[in-house]
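This report describes a protein chain from its overall surface down to individual side chains. The sequence and the structure are shown first, and the description follows.

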Amino acid sequence: FPSSTYIKMWADTQRELDTMLQREREEFLQPQEDREKVMKMLATAYVQYLQIFRKLEEAHDHLIHQQKRAAVRQALDGVMGRILEIKREMVALENSECHYMDGILMDLKHVPEDIEIPIPKYFIKENLGILQDREKYLHDILLNAGLLEQEPVTAMTLEEAIKVIQVAERARQGRARAAFMKRIYLEEKRQSKKGEQDTGKSPDDAATCIQKVWRGHSQRKKTEKLREEEIIFLGMNSAEMINGTGSLPPDLEALSSLQKANVLQGEVQERVDFSFRHELRRTEGPHIKETLQDQITQCFLECRHITGRFPDYPPEKTGGSKAIFIEKHPEQVLEELAAKKAEAEQKDKEKNGKQDKEIAQVKKPPKVGKQVVDESWKMGPSNFLSILEEGSSQYQVFWENRDNRSDFLQDHDPELIKEGEREEVEEELRAQVDEVMREKLLTVKQAVDGETGPQGKAGKDKERGTQRVREGERFLSTDRNLMSLACRTIDSLYQELAEKGLLVQVKNVNLSDYIGYYDCLRNILRETGAQPMPSIPEVRQLVALYGILPLGSQTVHENAPLVKSLLLAGPAGVGKKMLVNAICTETGANLFNLTPSNIAGKYPGRDGLIMMLHMILKVGKELQPSVVWIGDTERVFSKGTPKGEEEVNSKRLAKVLPQFLRALKPKDRVLLVGTSSRPFDANPGPFCKVYQKIILIPKPDYLTRFGKYFKCPALWKHYILQRGGALTRLLNLNCLAQVSDGFTQGHVVDVVDTVLTELRLLQMARKPLRTAEFVTSLARHDPVYKEEEETFQAWYAKTPMGKAWSAAQAAEENEKGKKGKGK
């Protein structure tokens, strides 16, 4: 059946993944001294994991079976995290975000497009309904606040007007003909009734006529109903079209059917889970309660036997009786204390012996010679290998030898559902058991020990007071004005941020819309020792690795190398804002705009600024993922002294941002993204401390502007066709690509919009587009000159990554010089 292809793909990919895990256990755990060999090994694993990632994503997207999807999802998240860990090792090894991988791709018989980072579709698909409701809610808020202009009504073209008139005329003719036929029908019916009254009919004939009409009517109704249900079930049409109330375009109709199928699939899964949970609660509930009570009672008795008194029952905030089993038993604690004491005594003896040896060695003259430094490389610890190995073992146990031929409906597996639901049922029953056992413990303590309440309450209150004081010293909790925010709902904070213009709508653009091709000439510059600058495809990869994948998956964000902030630097018009919107579109993230010009005068003063950040942090964590964007971020970290009120507020933001980032935990999918067209105007010290990762974005090269012999569309062709233009022989794209050397993507978009006005599009049938029209408009813009590019490269060389690259190159040259002198 249809899912068999993707089940086979999953099986093949799982075998490839098992091979990769075996290889990692054999090669990556061994120390290596040859850096080139290590880099080749890491790059090979990186490319192979990307191929596994792509196949797992495709299988996960097309599988229907929910439990199989969950198993694939575990492996998919593990592979994504492992790719990020390998990327971290590659960056640390080469001190660069860009890597030379042409040789690896040739050895593995891959093309550069194969190392593009795929974006999992479940980032959006699983939360599609919530995201649509949130987008509509934000649109209504902005519209009511007057921050959003209603879409203007565009005039119809001549062809559209002719079609409307034709439809209206045909409808008028149809109505006139229907009225004429109705009059004829009524006249004939009147004549027939008059003839029947004259001749007369028998009662049997009348009954037969009534039966025939009724049976025909009832059968037509049944057939029509069955047909409606069948068409809706197959997704061939919507209920509105069947009822005649309206129709949708084919693409929107297909999307609507897909959304309904996804919602129906989720509802069926929830009903299945609820039914199994109810069955487990009915069949195994009494046994689980009895077992928990016996375990808690035994623990209390052992504690009283050792300490001489019954312990206090853990409160609900700490997990109730669950905290008892997490902690050690009293006997285990005593054994550990004795073992630690013996170990400390042994260490003291060894330390005294070492000190005697060191005193004896001090008297000896030190030997002259080179110090041996261990420069061998070894792979760092991984948080995802255990996840991948666990997923592999589960696949071998549950799914590898499963007969899928009999599972045509892709139904659930009852045993697997029971295993997952048993933990939730146990947690529900644990709360009931805690209430009963807490009362029993108070009764027993009162009867045996004479205690009337929990001991040590004053000490606990004092400790809690100290803890509150410490928490009060933390960021975003120091101001008393913030206490009012704790009582406000997320909806009210969300609405206020939207009305203030800090929460903005996201433009619907995908990462694949950022057009660009691989430039092989950059690798030649790399061999000369120059600082490697990313190409446009490498920019897409870095944005996906550091921005999209961690924001889209909670598992990846919590366990992968944590990136809290990202800086996109490059000349004006290279697409920095587009990449910010692409991150939000691909992950369904909220977008908070903290550009200095946008926050000017909205929350004045230091207290107002802290309250604003507190609101953003609270809403961003609750409705994660979220992106906090600071446009023109160099103004926040400018070198000069602030003059106006806007600059003073920006300087305050620069001081508070490090504390804002420290408040973000691995579980918080909130990313700070800054964009800058003049990063060299900022103070490099605090600027580079705030932004962990810096991506330098280049202007488009010739292949990107023209790209005739590549699959993806080039800039000029893509935007001309997107605007509604037509390509003819009079329009020379090669000439446009040559002339636009030094211009950015923003310049190309502005030129196309300027030339292809509505009037020019109407004239295009009799007046084709010419190259000179675009060249004339392009001449009004200033390109990115070579001096500006060199300024960006010189600034990047002063960043931590640039300094590390320069230091590594200097060390390599010194080593080569020493070898040459030796020869």
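Predicted model: local features only at pLDDT ≥ 70, side-chain atom pairs only at ≥ 80, totals over all residues.

## Surface and overall make-up

Residues are numbered from 1 along each chain as its sequence is written, and side-chain values use heavy atoms, with hydrogens and water left out.

The chain has 33 helices and six strands, where helices (H or I, at least four residues) and strands (E, at least two) are DSSP runs numbered from the N terminus. Of its 823 residues, 39% are buried, a term that means under 20% relative accessible area, with exposed meaning over 50% and partly exposed the range in between (1.4 Å probe, protein chains only). Among contacts (heavy atoms within 4.5 Å) with a separation of 6 or more, 83% join residues 24 or more positions apart.

Ala75 belongs to helix α3 (residues 66-94), and its relative accessibility of 7% is why Ala75 counts as buried. Leaving aside residues up to four places away in sequence, Ala75 touches Gln14, Leu17, Leu56 and Leu388. The C-alpha atoms of Ala75 and Gly391 are separated by 6.0 Å, although these residues are 316 residues apart along the chain.

## Aromatic pairs

The whole structure contains ten aromatic pairs, counted where rings of Phe, Tyr and Trp (its six-membered ring) have centres within 6.5 Å; planes under 30 degrees apart are stacked, those over 60 edge-to-face and the rest tilted. One of them joins Phe680 and Phe792, whose ring centres are 5.3 Å apart and whose planes stand at 75 degrees, so the pair is edge-to-face. Because Phe680 lies in the loop between β5 (670-676) and α25 (684-690) and Phe792 in helix α32 (residues 786-796), this pair ties together parts that are 112 residues apart in sequence. Both Phe680 and Phe792 are buried.

Phe687 and Tyr691 also pair edge-to-face, because their ring centres are 5.5 Å apart and their planes lie at 70 degrees. Phe687 and Tyr691 are both buried, and together with Phe637, Trp795 and Tyr796 they form one aromatic cluster.
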